[in-house]
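Hello,

Here is the structure I said I would pass on.

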Amino acid sequence: MTDGKVHLHIEGGIAAVVFDRPDARNAMTWSMYDELASICQALAPRDDIRVATLRGAGGQAFVAGTDIEQFRAFASGEDGIRYEATIDERVQLLECLPFPTVAVIDGYAIGGGLALAAACDFRVATPAASFGVPIARTLGNCLSSANTARVVAGFGAARAKRMLILAETIGAAEARDCGFVHEIVEPEALDATVEALCRRLAGNAPLTIKAAKETIRRLTVEGLARNDDLVRECYGSRDFHIGIEAFLDKRRPQWTGR
């Protein structure tokens with residue numbers, strides 16, 4: 001499989017970001033996370049950008065999480081602390097962009113992909129879209145407190161528990177019903193719907209948008225106690241390595257609780 005790329009195209013005040021690794025359902029590699037960070041840092045100070053779209057290549061996934069193969073190098077809970085801190089930093093760069101962001105979701109938005117989608121302001125999805133963090137039955141790791149807050153803010157506490165504890169996946173219709181998805185459209189209408197939404201957003205007052213976004217972000221994410229102790233315990237456990245190998249071998253993990 002390729003290492004993947006994150007592409008940026010700007011036209012008419014709209015920045016289009018594409019996660020391009022369709023052979024792995026756009027699962028993010030370290031280099032893709034770095035490219036996304038560089039794109040966000042380049043876009044943030046520009047006053048000619050009015051809206052950004054983010055989508056996955058290939059029509060099967062937005063982003064199907066982080067590439068699990070990379071976790072094989074993790075040796076302790078401290079690796080998990082560093083990883084979650086890096087993901088938090090990348091997601092926050094996206095979330096802090098001063099203009100509206102629209103996630104275009106056709107297929108899976110799972111794990112890290114769900115965090116990226118949740119960091120966007122609006123989500124337009126096809127009926128095939130699905131959302132989840134199935135790590136309780138796959139890897140045995142956990143989310144940072146910031147990303148957990150984003151899931152709770154997007155889906156509500158009850159659904160967040162279904163996603164994080166029961167490892168359930170939420171479909172597009174339910175995601176729309178709880179407000180996480182702005183609109184569901186058939187694939188052939190996706191581009192036109194997103195374009196219309198972008199035009200509408202681009203016509204609103206930029207400074208009002210910036211103030212609203214940042215205030216909502218602070219209310220949603222900041223002020224939470226960090227959960228580094230829990231991250232360290234999960235990523236430093238025997239179960240995490242059991243989960244990685246079982247996932248890559250396509251078999252069910254046998255958890256030990258250690």
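In what follows, two residues are in contact when heavy atoms of one lie within 4.5 Å of heavy atoms of the other. Please keep in mind that this is a predicted model.

Two packed helices are described by the angle between their axes and the distance between the axes. I give both for each pair.

H1 with H2. Helix H1 covers residues 30–43 and helix H2 covers residues 77–95. Their axes come within 9 Å and cross at roughly 35°, and the crossing is left-handed. On the H1 side the contact is made by Trp30, Tyr33, Asp34, Ala37, Cys40 and Gln41; on the H2 side, by Tyr83, Ile87, Arg90, Leu93 and Leu94. Sorted by class, these are eight nonpolar residues, one polar and two charged.

H2 with H4. Helix H4 takes in residues 145–155. The axes of H2 and H4 are 9 Å apart, at an angle of about 45°. Ile87, Asp88, Val91, Gln92 and Glu95 of H2 meet Ala146, Asn147 and Arg150 of H4. This contact has three nonpolar, two polar and three charged residues. Ile87 is listed in the contact with H1 and again in the contact with H4.

H3. Is this helix, residues 112–119, buried or exposed? Eight of its eight residues are buried, so H3 is largely enclosed by the rest of the structure. Among them are Gly112, Gly113, Leu114 and Leu116.

Regards

Terms used:
Residues are numbered from 1 along each chain as its sequence is written. This is a predicted model: local features need pLDDT of at least 70, side-chain atom pairs count only at pLDDT 80 or more; totals for chains, interfaces and linings use all residues. Side-chain values use heavy atoms; hydrogens and water are left out. Axes are lines fitted to C-alpha atoms, for helices over the stretch in contact, and angles run from 0 to 180 degrees between N-to-C directions. Helices (H or I, at least four residues) and strands (E, at least two) are DSSP runs, numbered from the N terminus. A crossing is left-handed if the near helix is turned anticlockwise from the far one by less than a right angle, and right-handed if clockwise. Ala, Val, Leu, Ile, Met, Phe, Trp, Tyr, Cys and Pro count as nonpolar, Asp, Glu, Lys and Arg as charged, and the others, Gly among them, as polar. Buried means under 20% relative accessible area, exposed over 50%, partly exposed in between (1.4 Å probe, protein chains only).
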